[in-house]
Amino acid sequence: MSSFRAILLDFDGVMVHTMPLLFRMFCDKQGNILLWNEQEYDASLLSFLLYCREHEIRLAIGSNSRVDYIQHTLKKMHIQDYFVTWEHVPTIFGREQIRISKSDPDFWKQCADSLWVFYHQCLVVEDSIPGIIGAKDWGMKSCYFHRFSSPQKDCLSMADYHVDNFDDIIKLVT
């Protein structure tokens, strides 16, 4: 059994590739999404989500993006049901709920608190230094995900683990 009871995921750059050339979103004046183009994501994402569900590893998303954008993307990918608690409360946290940056340790703390787990039982999957720093400050393990970009030397040295796909995360938690 894994020592990790929860995995906290960054959204942009980890779950989906949202580089400007691949991503276009248009909104009306009220912020409603009008047009959405497909985004690239790691092919092993679904097997990772299934593995977590089968092994009762809780999942949350922490992102500087808007929650409606995240939810819309998850629905298009048909994976929104993986990000709820056993009481069916969403575990998606965007800039509306967490009004601090990822380098602030309380960012990932709030995500972990929603899952009712101890911080040392969390693995934070990130693609940036601020997110890695924030996770480590609460005693969470950090995993640098570099599937969609060239590995950054600072992130490689700072993170506890580094991977370039979700299958490698399954190996970490097995």
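**First stop: tyrosine 51**

Select tyrosine 51 and display its surroundings: beyond the neighbours within four places in sequence, tyrosine 51 is in contact with Ile57, Ile170, Val173 and Thr174. The model on display is a predicted one. Tyrosine 51 belongs to helix α1. Is its side chain to be regarded as buried or exposed? Tyrosine 51 has a relative accessible area of 14% and is buried, because the limit for that class is under 20%.

Tyrosine 51 and valine 173 are 122 residues apart along the chain, and their C-alpha atoms are separated by 9.9 Å. Then show threonine 174, whose side chain forms a polar contact of 3.3 Å with the side chain of tyrosine 51.

**Second stop: helix α6**

Select residues 166-173, which form helix α6; Phe166, Ile169, Ile170 and Val173 are its buried residues. Turn the view to look down the axis of α6: the buried residues fall within an arc of 105 degrees, so they line one face of the helix. A general rule applies here: an α-helix has 3.6 residues a turn, so residues three or four places apart point the same way.

What do the buried residues of α6 pack against? Their partners are β1 (6-9), α1 (45-54), β6 (122-126), β7 (141-145) and β8 (161-163).

Switch to a cartoon view and display the strands. Six of them form an open sheet in the order β5-β4-β1-β6-β7-β8, with parallel pairing. The edges are β5 (92-93) and β8, each of which pairs on one side only.

Strand β4, residues 58-62, pairs with β5 in the parallel sense over two bridges, and glycine 62 stands opposite phenylalanine 93 of β5. Move across to β6 and β7, which run parallel and are joined by four bridges. Here, leucine 123 has lysine 141 of β7 as its bridge partner. Four of the five residues of β7 are buried, so this strand is largely enclosed by the rest of the structure.

Histidine 78 follows α2 and has a positive phi, near 65 degrees.

Which members of the largest nonpolar core touch the most other members? Among its 33 residues, these are Ile7, Leu9, Met15, Phe48, Phe83 and Ile169. Another core, of 16 residues, lies apart from it; Ile98, Trp108, Tyr119 and Val124 are among its members.

Return to methionine 15 and display its contacts. Leaving aside neighbours within four places in sequence, they are Leu9, Asp10, Tyr41, Leu45, Ile61, Leu74, Met77, Ile79, Phe83 and Phe166.

Select threonine 91, in the loop between α2 and β5. Its relative accessibility is 0%, and threonine 91 therefore counts as buried. The side chain of threonine 91 reaches the backbone oxygen of leucine 59 at 2.8 Å. Not counting residues up to four places away in sequence, threonine 91 touches Leu59, Ala60, Ile61, Phe83, Val84, Thr85, Ser114 and Leu115.

**Last stop: the whole protein**

Clear the selection and view the entire chain. The secondary structure comprises six helices and eight strands, which follow the pattern β-β-β-α-β-α-β-α-β-α-β-α-β-α along the sequence. Of the 174 residues, 45% are buried. Among contacts with a separation of 6 or more, 64% are between residues 24 or more positions apart. With the surface displayed, the accessible area comes to about 9100 Å², and 54% of this belongs to carbon and sulfur atoms.

Note on methods
Residues are numbered from 1 along each chain as its sequence is written. This is a predicted model: local features need pLDDT of at least 70, side-chain atom pairs count only at pLDDT 80 or more; totals for chains, interfaces and linings use all residues. Side-chain values use heavy atoms; hydrogens and water are left out. Buried means under 20% relative accessible area, exposed over 50%, partly exposed in between (1.4 Å probe, protein chains only). The arc is that of the directions from the helix axis to the C-beta atoms. Contact means heavy atoms within 4.5 Å. Two strands pair if DSSP finds at least two bridges between them. A nonpolar core is a set of buried Ala, Val, Leu, Ile, Met, Phe, Trp, Tyr and Cys residues joined through side-chain atoms within 4.5 Å. Accessible areas come from the Shrake-Rupley method with a 1.4 Å probe; for residues, only the protein chains shown count as cover. A polar contact is a pair of N or O atoms within 3.5 Å; within protein, one must be able to donate a hydrogen and the other to accept it, and residues adjacent in sequence count only if both atoms are side-chain atoms.
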